[in-house]
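Here is a short walk through the aromatic rings of one protein. Keep the 3D view open as you read.

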Amino acid sequence: MSSGPYLLYREVSPSSNIHASCFFTPRAVKRDTTFKGDEYLFTAATSAITIYRVHNGEEGPDDVQLVQAFHSALYGKVQDVKTFRPPSHSDVQEELLVLSLDSGKFCLLRYDVDTATLDPVNVYNSQENALGTGAVVKGETHGHLQFGGTGLEPPVIVSNENSLGCSVIYGRQLFLFPLQTRSGSSKEGGGANRDGGDTSKVGKDGSIPFLYDLQDSLHMQGDIIDVCFVQGYGKPTLAVLQEVQSLPLGHARDRRHTCRVTALAIDTVSRTASKLW
């Protein structure tokens, strides 16, 4: 199947200004040994989000049509979107949407096929002076790093295995947040614990959203270029790509090895990290 932006360009409008998109299955039912459900396309343009149902024809893989199922205005710009598949012990499985906005806000959303609504499950706000909903942690700009610059847009990555989301805040800090609530289902995502706190922000292992500064904690200098989850370890593990030296224009032959890759094992309960390699 073609990519999301190309399908939108071909089927809807050649002038679609798409910032982020992904295919997802809001609800799949187990048939025989596999889960099957209708596929949808999430798209985010400037100040608007739209969801299309993907209709596959019978004339081949290129016979695809988009049917608009949801549209809403949005204050802000979606920088990145990923899907999260909560663990399921039933015959019904779903994929949720994890959005990263340009102002350092992150949303976990569920699309309801029956009511055609997009409902928030969790909201996190990591801005330096954040107030209100989701302002559990606050990033630090150190006076010179702000959102909006090239390479400083907060991306988002998801680990289905660990029910964990991660992003890079202000180019230097890792922001980790649980996607699976302690109640055992992301669908519930609410209520209060015995101490009066909001359980929708508490992970199933007791973890809470937290910031991890590589420079302050591990003395790892340099801006973070990219980050990804690595599978096969006992704890959530991140591979972090950092810029350790700048590369002035015209000096590529004289200066090599300007970046570094480090694998970090993350303990989400104690909110610490250790170097693996």
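A search of the whole structure turns up nine aromatic pairs. Keep in mind that this is a predicted model. A pair of aromatic rings is described by two things: the distance of the centres and the angle of the planes.

Start with F24 and Y111. Their rings form an aromatic pair, 6.4 Å centre to centre. The planes stand at 85° to each other. That makes the pair edge-to-face, because an angle over 60 degrees counts as such.

Now look at where the two residues sit. F24 belongs to strand β1 (residues 18-24). Y111 belongs to strand β10 (residues 105-112).

The cut-off for buried is under 20%.

Next, find Y124 and F177. This aromatic pair is tilted. The rings lie 5.1 Å apart, centre to centre, with 45° between the planes. Again, the pair links distant parts of the chain. Y124 is in strand β11 (residues 117-125), F177 is in strand β14 (residues 173-178), and 53 residues separate them. Y124 counts as buried because its relative accessibility is 2%. F177 is buried as well, with a relative accessible area of 2%.

Finally, return to F24 and Y111. Which cluster do they belong to? Ring pairs link F24, Y40, F70 and Y111 into a cluster.

Conventions. Residues are numbered from 1 along each chain as its sequence is written. This is a predicted model: local features need pLDDT of at least 70, side-chain atom pairs count only at pLDDT 80 or more; totals for chains, interfaces and linings use all residues. Side-chain values use heavy atoms; hydrogens and water are left out. Rings of Phe, Tyr and Trp (its six-membered ring) pair if their centres lie within 6.5 Å; planes under 30 degrees apart count as stacked, over 60 as edge-to-face and the rest as tilted. Helices (H or I, at least four residues) and strands (E, at least two) are DSSP runs, numbered from the N terminus. Buried means under 20% relative accessible area, exposed over 50%, partly exposed in between (1.4 Å probe, protein chains only).
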